[in-house]
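The exercises below are meant to be worked through with the sequence and the 3D view side by side. Please try each task before reading its solution.

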Amino acid sequence: PEFRSAGIDLFLRTDAQGRGLGPDAIQTLATHLIDERGHHRLTIDPAADNVRAIAAYAKVGFRPVGVMRRYQRMSDGQWADALLMDLLADELVR
């Protein structure tokens, strides 16, 4: 109860991208977590170079917090950075 924060994630297949499904799914989940579960803060961490995902999350109200360096190890063994983004309950675009 002292920490009403939740981390979320989303993955869309390539053929499902670019149709507004991402922002809709994130807004639906965020609304549920805030209104039904009582969370006051949500985080998401797309790859730092995933411009489309970052734009989709910003459309719902997420804001950049900072870059998490060498956050995810890729299949080729290389490390990739991620962008930590957060959303406070009163910032959700409905």
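**Exercise 1.** Which residue in strand 4 is the bridge partner of Val-67?

*Solution.* Before starting, note that this is a predicted model, in which local features need pLDDT of at least 70 and side-chain atom pairs count only at pLDDT 80 or more, while totals for chains, interfaces and linings use all residues. Residues are numbered from 1 along each chain as its sequence is written, and side-chain values use heavy atoms, with hydrogens and water left out. Helices (H or I, at least four residues) and strands (E, at least two) are DSSP runs, numbered from the N terminus. The bridge partner of Val-67 is Leu-83 in strand 4. This bridge belongs to the pairing of strand 3 with strand 4 (residues 79-88), which is antiparallel and runs over seven bridges; two strands pair if DSSP finds at least two bridges between them. Arg-73 stands opposite Trp-79 of strand 4. Strands 3 and 4 form a hairpin with five residues between them, and Gly-77 in the turn has a positive phi of about 90 degrees.

**Exercise 2.** Find the largest nonpolar core, and follow Leu-42 and Met-85 within it.

*Solution.* A nonpolar core is a set of buried Ala, Val, Leu, Ile, Met, Phe, Trp, Tyr and Cys residues joined through side-chain atoms within 4.5 Å. Buried means under 20% relative accessible area, exposed over 50%, and partly exposed in between (1.4 Å probe, protein chains only). The largest core has 18 residues, and those with the most contacts inside it are Ile-26, Leu-42, Ile-44, Tyr-57, Phe-62, Met-85 and Leu-87. Helix 1, strand 2, helix 2 and strand 4 are the elements that give two or more residues to this core, and the largest share, five residues, comes from helix 2.

Leu-42 lies in strand 2 and counts as buried because its relative accessibility is 0%. Not counting residues up to four places away in sequence, Met-85 touches several residues, including Leu-42, Ile-54, Tyr-57 and Phe-62.

**Exercise 3.** How many aromatic pairs does the structure hold, and why is the pair of Tyr-57 and Phe-62 called edge-to-face?

*Solution.* The structure holds one aromatic pair. The ring centres of Tyr-57 and Phe-62 are 6.3 Å apart and their planes stand at 65 degrees, so the pair is edge-to-face. Rings of Phe, Tyr and Trp (its six-membered ring) pair if their centres lie within 6.5 Å; planes under 30 degrees apart count as stacked, over 60 as edge-to-face and the rest as tilted. Tyr-57 is buried, with a relative accessible area of 5%, and Phe-62 is buried at 3%.

**Exercise 4.** Is Asp-86 buried or exposed, and is Arg-70 buried or exposed?

*Solution.* Asp-86, whose place is in strand 4, is buried, because its relative accessible area is 16%. Its side chain is joined to that of Arg-41 by a polar contact of 3.4 Å; such a contact is a pair of N or O atoms within 3.5 Å, and within protein one must be able to donate a hydrogen and the other to accept it, while residues adjacent in sequence count only if both atoms are side-chain atoms. Arg-70, in strand 3, is exposed, because its relative accessible area is 65%. The phi of Arg-70 is near 45 degrees, a positive value in a residue other than glycine.

Definitions and conventions:
Contact means heavy atoms within 4.5 Å.
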